[in-house]
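Hi everyone, and thanks for coming along. Let me put the picture up on the screen, and then we can walk through it together.

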Amino acid sequence: MKKGILIFAHNNRQIDYARMSLVTGSLAKKNLGVPVSLATDPSTVEWMRESNIFDKASEIFDHIIIVNRPQENNNRKFFDGKENFVAPFNNGNRSSVWEITPYEHTLLIDSDYFVLSDNLSKYWQVDADLLIGSGYNDIVGESRTGYLDRYISDTGVKMLWATTVMFKKTQSTKIFFELVQHIKDNYRHFADVYRFNPLMFRNDIAFSVARHIMYGFEQDAEYSLPPIFSVTDKDMLYDVDANKFTFLITPTMNDQYCITTVKDKDVHIMNKQSISRNFDKLMELV
Amino acid sequence: MQEEFKKALDFSNFRQTYSIQRKNLKEKIDAKLTYGFNGGIFKIDRGLLNFVQMLIDQGRTEGVVILDINENPVLIDKLNEFKDEIFDRYFSTTLEYFEENQELKKSRSIEKLIDA
């Protein structure tokens, strides 16, 4: 079965997801030993050409798949340590992954998910058609993990994290991704039923609800991918060297920062601006 | 008093970094002790090692079914090969854990902690 990784990248004026995906794509390829493809849109490709990264992207990615940019008014507040800004959040086309993936067995990862170990490679052989990140694992620990990081709402189902999704191209996964699209199209209705906040579309919620429905409204202990080890956007990527990432993190989400490092461990870095500031160093890892 | 308070804060900051580094190390080791085999996922721990060794000692070495972390039955054709793999992984990973943990324990400053 042909295995591979797929990353979506749709730039906006503030965040260069395409540039980020060069790093995440090449790290994933290096550490998991399978090809990587990029799904992006014409304007992002144009930007990649203008900023002279398209050739590098062609080297790294097995396929560069052109899709339509999701047309939606989905804005969110992004933090960069103590600063913040509002930017579009164009991630509403993940449900199309089943149609566009060039692989029979696909690992879908976010463009800010840095694969620094071979941990995910052991999940290729798991006897399941669909695996989703089973939860959130904060770098500081439980003290910074809120209820809504673990559940989609006060009374809703367990939150799965669509930062990593592994699936085989089967009839049941086709139905699953069609259901994710249906939930997105009827987000307010499902928000009423599952009591989650409908203001901003989140793949994590759509995937959690779809899985809950597909598995007979049961929350069973089926196989899943490991919890997503994450560094919030109030923390900052400070430095990068030979596979060791140094972070400034704020354990109590205030102005006090402490320093920590991550090595040989996959990490989801939510502070996109701090990734951009370290882009040259990150590229040295490639 | 001001100086003592600053020292306490510095120590608190050191302990916070230490505690996060320890948590991250432990999780890294846990991930390395997760082993995918024949459609199942196993946690390599003392229970699994003992159970597998006991089955081998009883002469049950082929076509053995063991429950994985989700309590799903997984068929293991050649238990000796499975045992060799999990023992190797267990010893190399716990040795790595020991060495990196020692480095952390010896560190007396934040700079040393993050270099460990």
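How many residues does the contact take from chain B, and how many from chain A? The contact takes 18 residues from chain B and 24 residues from chain A. Before I go on, please keep in mind that this is a predicted model.

Three elements of chain B each supply at least two residues to the side that touches chain A: α1 (2-32), β1 (34-37) and α4 (110-115). The largest share comes from α1(B), with ten residues. If you sort this side of chain B by class, you get six nonpolar, nine polar and three charged residues.

Now for chain B as a whole. Chain B has four helices and four strands, and along the sequence they follow the pattern α-β-β-α-β-β-α-α. Have a look at the outline of chain B: along its principal axes, the C-alpha trace spans about 70 × 25 × 20 Å. The radius of gyration of chain B is 20 Å, whereas a compact globule of 116 residues would have one near 13 Å. Buried residues make up 16% of the 116 residues in chain B. As for contacts in chain B with a separation of 6 or more, 59% are accounted for by residues 24 or more positions apart.

Over to chain A, then. Here we have ten helices and 15 strands. With a radius of gyration of 18 Å, close to the 19 Å that the globule rule gives for 286 residues, chain A is as compact as a globular protein of that length. Its C-alpha trace spans about 45 × 45 × 35 Å along the principal axes. Of the 286 residues in chain A, 44% count as buried. Among chain A contacts between residues at least 6 apart in sequence, 74% join residues at least 24 apart.

So what is on the inside? As a reminder, in soluble globular proteins, nonpolar side chains tend to be buried together. In this model, the largest nonpolar core has 84 residues, and those with the most contacts inside it are A:I5, A:I7, A:V115, A:I132, A:F247 and A:V267. Helix α1 (residues 17-32) of chain A gives the largest share of this core, eight residues.

Let me pick out A:F247 from that list.

Next, the sheets. One open sheet of chain A has three strands in the order β12-β13-β14, with antiparallel pairing. Its edge strands are β12 (236-241) and β14 (258-263), each pairing on one side only. On average, neighbouring strands of this sheet are turned by 25 degrees against each other, direction ignored. Five bridges link β12(A) with strand β13 (residues 244-249) of chain A in the antiparallel sense, and A:D241 has A:K244 in β13(A) as its bridge partner.

Another open sheet of chain A has four strands, in the order β7-β15-β11-β9, and here the pairing is mixed. The edge strands are β7 (113-114) and β9 (136-138).

Strand β4 (residues 75-80) of chain A and β5(A) run antiparallel, joined by six bridges, and A:D80 stands opposite A:E83 in β5(A). Does β5(A) lie largely buried or in the open? Of the six residues of strand β5 (residues 83-88) of chain A, the number buried is zero, so β5(A) lies largely in the open.

My last stop is A:N90, in the loop between β5 and α4 (97-100) of chain A. Why does A:N90 count as buried? A:N90 is buried because 20 other C-beta atoms lie within 10 Å, and 20 or more is the cut-off. Leaving aside neighbours within four places in sequence, A:N90 is in contact with A:H10, A:N12, A:R69 and A:P70. The C-alpha atoms of A:N90 and A:A9 are separated by 8.8 Å, although the two residues are 81 apart along the chain.

Conventions. Residues numbered from 1 in each chain as written. Chains lettered and ligands numbered in written order. Predicted model: local features only at pLDDT ≥ 70, side-chain atom pairs only at ≥ 80, totals over all residues. Contact = placed C-beta atoms within 7 Å. Nonpolar A, V, L, I, M, F, W, Y, C, P; charged D, E, K, R; others polar. Core = buried A, V, L, I, M, F, W, Y, C linked by C-beta atoms within 7 Å. Buried ≥ 20, exposed ≤ 12 C-beta atoms within 10 Å, placed from the backbone. Pairing = 2+ DSSP bridges. Axes fitted to C-alpha atoms, helices over the stretch in contact; angles between N-to-C directions. Rg over C-alpha atoms; globule rule 2.2 N^0.38 Å.
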